[in-house]
Amino acid sequence: MEQREPLVRHIFTADPSARVFDDRIYIYPSHDLPHDGEDDDEGGEYIMEDYHVLSMDGPEAECVDNGEALNMRDVPWVSRQMWAPDCVCRDGKYYLYFPAKDRSGVFHIGVAVSDSPVGPFKAEEDYIENSMSIDPAILADDDGRFFMYNGGLWGGQLERWQTGTYTETPEEIDREDASLGPFVAELAEDMKSFKERPRMVRILDGNGEPIKAGDEDRRFFEGPWMHKYNGLYYLSYSTGTTHYICYATGEDPRGPFTYRGRILEPVIGWTTHHSITEYHGKWYLFYHDCELSGGINHRRNVKFTELHYNPDGTIQTIFPYGD
Ligand code: FUB
């Protein structure tokens, strides 16, 4: 179905991570709060404070807001900006992963647990040890392993972690140098800690060379997502400044990945952020734009549309306002 309307209109929503649990589609978005402040390069305009879980009985069904699932006031370590979340299920428990700033203004990833996919979720006292930056996305691999992918440049603070330890004022990366990738780490059995230290994923061009930092049409910016199709790992992400959703494929969940092309052309608004999920044998791209607010960057709305593969495994590019 070509559903390209905002899924809900009573609140502003963004960064949709779509999951299928018990034959129902659940969408875990950020919840944009309207205000009249200015935009800045650090994402200061994104002042979200809570999460609402949306759900649909299928692609044709109405989208329901299941109410507040977690609020910042109930997360001891968070000071502000609860950005793009994701959720996975393991052994009947639902784990909501979310980025937020701690009391010193540094982004980390937290986790909150519930017996229900719509919450309420109970947050851990502290963020996940060794977690940093934003935009967690979880792969539940076929062999029972769970991997977290995350990261984002600029306001997402990824540059501050490029040496492995935190620095408030990182050196500028030369445009000819390899671009930074998202982080990947396997989650431990408890789903509340890492089994290993997060490492940076490498994204290569068709010649096996790292995509350069100055290659803004192809380099990773934020919003990583990982899915598997025909046994191949597909890492997709936003290019930020050029506003594309691109993808790269690989044989190993930790990479390296080879750039393959564009999934989504630019949408209305500065940010673009997505997820990909399968439902009843069809594939769907969930994404956001700023249609509802007439283009105000921090008042976004989530949407979805069908996604199509070519026989060789490449993905057909989606033009959000008509092909
Ligand atoms: O919603 C806040 C930030 O905007 C997200 O973390 C980014 O991916 C971008 O969509």
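Author: Happy to. A cavity here is a set of grid points, worked out over the protein atoms alone, where a 1.4 Å probe fits but cannot get out. Please keep in mind that the model is predicted.

The search of the whole structure turns up one cavity of 30 Å³ or more. The largest cavity holds about 50 Å³ of space. Its lining is made of S17, A84, P85, D135, P136, A137, P224, W225, H273 and H274. Sorted by class, the lining of the largest cavity comprises six nonpolar, three polar and one charged residues.

Now for the ligand itself. Around the ligand you will find D15, M48, W83, A84, I134, D135, E222, T271, H273, H288 and R300. In R300, an N or O atom of the side chain is 2.7 Å from an oxygen atom of the ligand. On its own, the ligand has 280 Å² of accessible area, and the protein covers 99% of that.

D135 deserves a moment of its own. This residue is around the ligand and also lines the largest cavity. D135 sits in the loop between β8 and β9 (137-140). Its phi is near 60°, a positive value in a residue other than glycine. Is D135 buried or exposed? With 5% relative accessibility, D135 counts as buried, because the limit for that class is under 20%.

D23 belongs to the loop between β1 (12-21) and β2 (24-32). Its relative accessibility is 44%, and therefore D23 counts as partly exposed.

The backbone has cis peptide bonds to look at too. One joins G119 and P120, with omega about 0°, and P120 is in the loop between β7 (107-114) and β8 (122-123). Another runs from G255 to P256, with omega near 5°. P256 lies in the loop between β16 (245-250) and β17 (257-264).

Finally, the open pockets. The second largest pocket has a volume of about 340 Å³. Its lining counts 24 residues, and those nearest its centre are G43, Y46, E222, W270 and T271. E222 and T271 are also listed around the ligand.

The largest pocket has a volume of about 480 Å³. It is lined by 16 residues, with L153, W154, E159, E172 and I173 closest to its centre. Six nonpolar, two polar and eight charged residues make up the lining of the largest pocket.

Notes: Residues numbered from 1 in each chain as written. Predicted model: local features only at pLDDT ≥ 70, side-chain atom pairs only at ≥ 80, totals over all residues. Heavy atoms only, no water. Helix = DSSP H or I, 4+ residues; strand = E, 2+ residues; numbered from the N terminus. Buried < 20%, exposed > 50% of the residue type's maximum accessible area, 1.4 Å probe, protein only. 1 Å grid on protein atoms, 1.4 Å probe; cavity = no way out; pocket = protein on both sides within 12 Å on 5 of 7 lines; lining within 4 Å. Points joined across faces, edges and corners; volume = space filled by probe spheres on them. Nonpolar A, V, L, I, M, F, W, Y, C, P; charged D, E, K, R; others polar. Near = heavy atom within 4 Å. Polar contact = N/O pair within 3.5 Å; in protein donor to acceptor, adjacent residues only side chain to side chain. Areas by Shrake-Rupley, 256 points an atom, 1.4 Å probe, with all protein chains shown as cover.
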